[in-house]
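Reader: I would like to learn to read a model feature by feature. Where do we begin?
Author: With the structure on screen, and one side chain at a time.

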Amino acid sequence: MTELTEPDDSTAQPAPEWPQPVARENGQHISDPQVARAVARLSGIPGLPAADHEAVYNGLHDELLAALNSDPIDQVRAATGRAGGAA
């Protein structure tokens, strides 16, 4: 009979270091402030007529795409009030 063996620790892949999430009151954990602002708009969906949902989802898509395509240094500069360029 063949015995099962434990995996060799030397071949194990290291776990990625993910940023710590920011806890939200609705239970979501989003660490990127630009994404958190976009997703927060979804909380208003239950109060909207179904016909208006498409516009909200399209806006969310556009905001998330902009966040994905943005340069993180721009967010730092905006938060610190600094203009572009080296310090």
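Reader: Which backbone oxygen does the side chain of histidine 53 reach?
Author: Keep in mind that this is a predicted model. For a polar contact, look for a pair of N or O atoms within 3.5 Å. Here the side chain of histidine 53 reaches the backbone oxygen of isoleucine 45, at 3.3 Å. Histidine 53 itself lies in helix α2.

Reader: Which residues does histidine 53 touch, leaving out those up to four places away in sequence?
Author: Ile45 and Leu48.

Reader: Now the overall layout. How many helices and strands does the protein have?
Author: Count the elements, then read their order. There are 3 helices and 0 strands. From the N terminus the order is α-α-α.

Reader: How do the axes of α1 and α2 cross?
Author: Read distance and angle together. The two axes come within 9 Å and cross at roughly 180°. An angle over 145 degrees counts as roughly antiparallel. Therefore α1 and α2 are roughly antiparallel to each other.

Reader: Which residues make the contact?
Author: From α1, Gln34, Val35, Ala38 and Val39. From α2, Leu60, Glu63, Leu64, Ala66 and Ala67. By type, the contact has 7 nonpolar residues, 1 polar and 1 charged.

Reader: What makes up the largest nonpolar core?
Author: Look for buried nonpolar residues joined through side-chain atoms. In this model the largest such core has 5 residues: Ile30, Ala36, Ala38, Val39 and Leu60. Helix α1, residues 33–40, supplies the largest share, 3 residues.

Reader: What share of the 87 residues counts as buried?
Author: 9%.

Reader: Take aspartate 62. Where is it found?
Author: In helix α2.

Reader: What joins the side chains of aspartate 62 and histidine 61?
Author: A polar contact of 3.4 Å.

Reader: What distance separates the C-alpha atoms of aspartate 62 and alanine 38?
Author: 9.2 Å, with the two residues 24 apart along the chain.

Technical notes. Residues are numbered from 1 along each chain as its sequence is written. This is a predicted model: local features need pLDDT of at least 70, side-chain atom pairs count only at pLDDT 80 or more; totals for chains, interfaces and linings use all residues. Side-chain values use heavy atoms; hydrogens and water are left out. A nonpolar core is a set of buried Ala, Val, Leu, Ile, Met, Phe, Trp, Tyr and Cys residues joined through side-chain atoms within 4.5 Å. Buried means under 20% relative accessible area, exposed over 50%, partly exposed in between (1.4 Å probe, protein chains only). Helices (H or I, at least four residues) and strands (E, at least two) are DSSP runs, numbered from the N terminus. Axes are lines fitted to C-alpha atoms, for helices over the stretch in contact, and angles run from 0 to 180 degrees between N-to-C directions. Angles under 35 degrees count as roughly parallel, over 145 as roughly antiparallel, 65 to 115 as roughly perpendicular and the rest as oblique. Contact means heavy atoms within 4.5 Å. Ala, Val, Leu, Ile, Met, Phe, Trp, Tyr, Cys and Pro count as nonpolar, Asp, Glu, Lys and Arg as charged, and the others, Gly among them, as polar. A polar contact is a pair of N or O atoms within 3.5 Å; within protein, one must be able to donate a hydrogen and the other to accept it, and residues adjacent in sequence count only if both atoms are side-chain atoms.
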